[in-house]
Amino acid sequence: ALPILVEVELKNTRRELGELEKLSSKKDTNNILAWQKLFCEILKYVFNDISTATLDSDYMPIVDGIEARLLSSASLKVATRLSYILSLFQAKDIKETSIKHVDFVFFDSPKDKNLDNDKYERFLELLSSSLSGQVFITGSITEKESYLGLFNDEDFLPELSESCKLLQPQN
């Protein structure tokens, strides 16, 4: 048998641990709900033809009751993916949450992925409203026109080529 003092301390520690687990679970739930709400708002803004957007138990997108991978519209699939990533990126700026993020995100040529121009422009508007972090978008130089009204010239990296690379070798 354990001494009474140790039993009391064990009982108190178990109670404290239970309370911490409940608190952690509530915080996680709040973070997920805030992210899900942001995802829905972003997707509805980018692709305003939908009525509902949510996440399943594995945090995969469901749009109007259909799993994202089963959507028939290529444009809606792309909008869903972009909105999902953007919502994860912007969720770190929600004051009521404690979401951590590395503070940068890459979008590899989103314009080349069958997204309608009006939807792509709405996506860029939301992207430009990010409060913190860095966003990298790859694309052809002809797409620069799409960005001019939303971003400043200093926001652009130089045109990259074989002679002008993003990462330069050190001498």
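This note describes a predicted model of a protein, point by point.

1. Basis of the model. Residues are numbered from 1 along each chain as its sequence is written, and side-chain values use heavy atoms, with hydrogens and water left out. Because the model is predicted, local features need pLDDT of at least 70 and side-chain atom pairs count only at pLDDT 80 or more, whereas totals for chains, interfaces and linings use all residues.

2. Overall make-up. The protein contains four helices and five strands, where helices (H or I, at least four residues) and strands (E, at least two) are DSSP runs numbered from the N terminus. Read from the N terminus on, the order of elements is α-β-β-β-α-β-α-β-α.

3. Of the 171 residues, 29% are buried; buried means under 20% relative accessible area, exposed over 50%, and partly exposed in between (1.4 Å probe, protein chains only). Among contacts (heavy atoms within 4.5 Å) between residues at least 6 apart in sequence, 57% join residues at least 24 apart. The accessible surface, from the Shrake-Rupley method with a 1.4 Å probe, comes to about 11900 Å², and 54% of this belongs to carbon and sulfur atoms.

4. Strands of a sheet pair through backbone hydrogen bonds, either parallel or antiparallel. Here three strands form an open sheet in the order 1-2-3, with antiparallel pairing. Strand 1 (53-55) and strand 3 (66-67) stand at the edges with a single partner strand each, so one side of each is left without a neighbour in the sheet. Two strands count as paired if DSSP finds at least two bridges between them; strand 1 and strand 2 (residues 61-63) pair over three bridges. In strand 2, Pro 61 is the bridge partner of Leu 55.

5. The second largest pocket. A pocket is found on a 1 Å grid over the protein atoms alone, as an open set of points where a 1.4 Å probe fits, with protein on both sides within 12 Å along at least five of seven lines; lining residues have an atom within 4 Å of a point. The second largest pocket has a volume of about 220 Å³, the volume being the space filled by probe spheres set on the points, which are joined across faces, edges and corners. Its lining includes Asp 56, Pro 61, Glu 67 and Tyr 84. Helix 2 (residues 74-90) gives the most to this lining, with four residues. The lining residues divide into four nonpolar, one polar and five charged; Ala, Val, Leu, Ile, Met, Phe, Trp, Tyr, Cys and Pro count as nonpolar, Asp, Glu, Lys and Arg as charged, and the others, Gly among them, as polar.

6. Positive phi values. Most residues other than glycine have a negative phi. Asp 64, in the loop between strand 2 and strand 3, has a positive phi near 50 degrees. Asp 64 is partly exposed, at 34% relative accessible area. Asp 103, in the loop between helix 2 and strand 4 (104-108), has a positive phi near 75 degrees. Asp 103 is partly exposed at 36% relative accessibility.

7. Ser 109. Where does Ser 109 lie? Ser 109 is in the loop between strand 4 and helix 3 (117-128), and counts as buried at 13% relative accessibility. Not counting residues up to four places away in sequence, Ser 109 touches Thr 138 and Gly 139. Ser 109 and Thr 138 are 29 residues apart in sequence, yet 4.8 Å apart in space, C-alpha to C-alpha.
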